[in-house]
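Try each task before reading its solution.

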Amino acid sequence: MMNCKKIASLALACAAALGAHASTEYNVRGTVFQTDTLFHAMLGPGTSQTSLLMRSADRRQMYVYYAKIDLTNPYISFSTVMGQDHIAGTETVRSMSERKSRPGARYFLGVNGDFFYTSGNTSRGESKIGIPIGPCVVDGEIYKANTNTNYTQFVLDAQNRNPIIGCTKFSGSMKNAAGTKVNVGGVNLVGPGSGNRVIIYNSHFFAGTDLPAGDAEITMKLAEGESFVFGKSFKMVATGTASTAGDMDIPADGFVIHGQGTGNDFVNSLKEGDEVTVEFHAKIDGKEVYPHTMMSSWPNSLHNGEVTETEWMLEEFGTNQPVTAVAIADEGKTIMFLTIDGRSPISSGARTTEIADLLRLLGATDAVNMDSGGSSTFYSSSLGVRNVPSDGSERPDGNGIFAVYTAPDDSTIASIAFVDWVAKVPKYGIYRPKFYGYNQYGLLIDTDLKGVTLSCPEKVGHIQNDSIFFGDGAGDGLITAHYGDITATVPVQIFGEGENIKFKNDSIITDTYRPYVVEVTNTVGDITMPIHSSVLSWSSSDESVVSIDAETGELRGVKDGEAFVYGTIGEMTDTMKVVVERPTAHAMPMDPGLDISTWKISQTGGKNAVTEVHGDGFTYTYTGASGRSPKILLTKQMRLWSIPDAIRIRFNPGEAPVTNVVLGLRPNGQKISYQTLTPDTLVAGKMITLDLPTAAWIDADDMMNYPITLSTIQLNMGTSATGKQFTIDFDGFETIYNVIPGAKKGDVNGDDAVNVTDVTALINKILGIAEYADDVCDIDASGTVNVSDVTALINMILGL
């Protein structure tokens, strides 16, 4: 028996989760937002991700995605990634994650990084697109180090500790054997500069320094046992002689030192084999830092818990924008990533001060905005792109910053969690939870864990088939999930008394072969959920057309016609119209008794077209002509009978250069969908059969998708020889019903009869003129289709 202390703790947990799910009020820069938590889950070791919907009284709305990453977790580190691992180059955040991930270093969560160059080439023709505007350090490797007082850096040291956000000032010196010193002005600076200094270029830059002739340059390498690190002196050795030719090649394993002003004298003084001592420092607010990870952007929107009064995005764009930011919280123990969608009818974006104030409300003390607008991307390796980029898809960015999982790869489930962090179920609702599975280190490794069973207290509901919660109870409680010895719970709250129960569909089409359980929903507030049909009592207006189980709500079509079904609970009754359409053959013509005058046919790349009807098809003869994007477009609104399992087009292209067929389909008045069918092979003069399964383009089990209307059939073509005559034989336009067996042996042409036309069809197959399935053509079951099958078919027809 569960003790009182355990019951009390569960009750408190339930109340806390349900309370947290309730709408929270945030006052962001004077605008009050009612905020709902749409999603909350752990994604990796010490890493949670939360999605918010924020709505204000003036109808403003924002979708917000943020993560909190525990920097003290031993299996977490951070890394910046440059697009294509080069100073120039762009790549989506998803691609960066996938490319860089490896055992022991899984880049599982990331956002886009710095603003970057969007045009330009070096003198050698190398693209400059993707060069970050500010400094960037990747795993201790400097890709760019330039002092820019307008830019802010997020910095972590080699132990992934001591995070800091601020403007970095770089300084350094280089001293030769004679004791002569010169300032080091930066690393991998783009374009010529001025001053008395040297600039260091490494192999992360372009093939050469891309600098004009005039200043002195020399190649260098690190001295034996030395490494280029911040804050410590190290030695370099000259490996060539100084040159003023400009754009010096950068060695793959070395450096080029470029002189400016008096730095030219320093470089010119060096000879091959000369050794220099180098120091390079980075300071933020006067404090020396040792960057192992550095990402730049602008502005520093939150500093020491105070919003900096800058409205850069508003000044630059005049409106709210999609935004991304990186922040520090919990006295440096937590790193936050945050993205707000914008440029969208459903998410307004934010101002610079708003994202800073929201981060402050979420616990951050310091933040820097990343590149925003269409670049804003929030990516999880397990769940994909979490936000909705304003370009409609991910934009390739110059760089990104990632949380990295450093534990060993492990595919064993050690803990589980409900995908929903709270279950709000309308009375009689059916809740089918999904589950996340985590390994022993806390990494999300399965986003749809199977084999989980459920239990719950009877006061809130019952469990059906071990995995479905039926909310026929009342009040609050906990649903418990079981995966072997592993358990997880989710708070559940039953809402309402079933007063908003209604059918999902006002009307449906069905056949006489398959049963259908009427789909019923219950809505409380903004939550709509399917409910169990057995809580209603059922009847039919005409049992000779539609029969329905009075207790379960399962209906069946009896014969062609229309009837109404009624579902009643208490004083509420809803009605649904049912149209029964019974397929009578495996393949049925879409347009029986085809009348070509009801079709509209147009063509580019052909002229002088003539059509001739035969049966349920027609021949189309035309003369080749020039034309852009050659095609033949057949247009007719054909409402397809019943619930087809596939759509079939049969045609012989002759010598016409058909490449593919595009069907324009509209499911039950919804938006038209274009589906392309490409033959595996195209042989001139051979019949082609193209099938489009219904389940390949819509949810075939959703009755809301029927009836289907076929609006257009477009044959995309290659170029037809000018002046040459072509004939395409459209043999049939059919719907396929798998509830009725397919063609029997001998029914070669698939017209559901075996007669002399099948003999002709079989001869055409043997001669290679037409293509039909071997299983209906191999009449004598010899395993080969040949002339002996013609004899066997004739004997079958004659009854011999």
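Predicted model: local features only at pLDDT ≥ 70, side-chain atom pairs only at ≥ 80, totals over all residues.

Residues are numbered from 1 along each chain as its sequence is written, and side-chain values use heavy atoms, with hydrogens and water left out.

**Exercise 1.** Classify the pair Phe 170 and Phe 230.

Solution. Rings of Phe, Tyr and Trp (its six-membered ring) pair if their centres lie within 6.5 Å; planes under 30 degrees apart count as stacked, over 60 as edge-to-face and the rest as tilted. Here the centres are 6.4 Å apart and the planes sit at 35°, so the pair is tilted. Next, burial (under 20% relative accessible area is buried, over 50% exposed, partly exposed in between; 1.4 Å probe, protein chains only). Phe 170 has 9% relative accessibility, so it counts as buried; Phe 230, at 7%, also counts as buried.

**Exercise 2.** Do likewise for Tyr 622 and Phe 726.

Solution. The ring centres lie 5.3 Å apart with planes at 20°, so this pair is stacked. Both Tyr 622 and Phe 726 are buried.

**Exercise 3.** Which ring face does Arg 386 lie over?

Solution. Start with the criterion: NZ of Lys or CZ of Arg within 6 Å of the ring centre and within 35 degrees of the ring normal. Arg 386 sits over the face of Phe 39, 4.5 Å from the ring centre. Lys 427 lies over the face of Tyr 428, at 5.4 Å from the ring centre.
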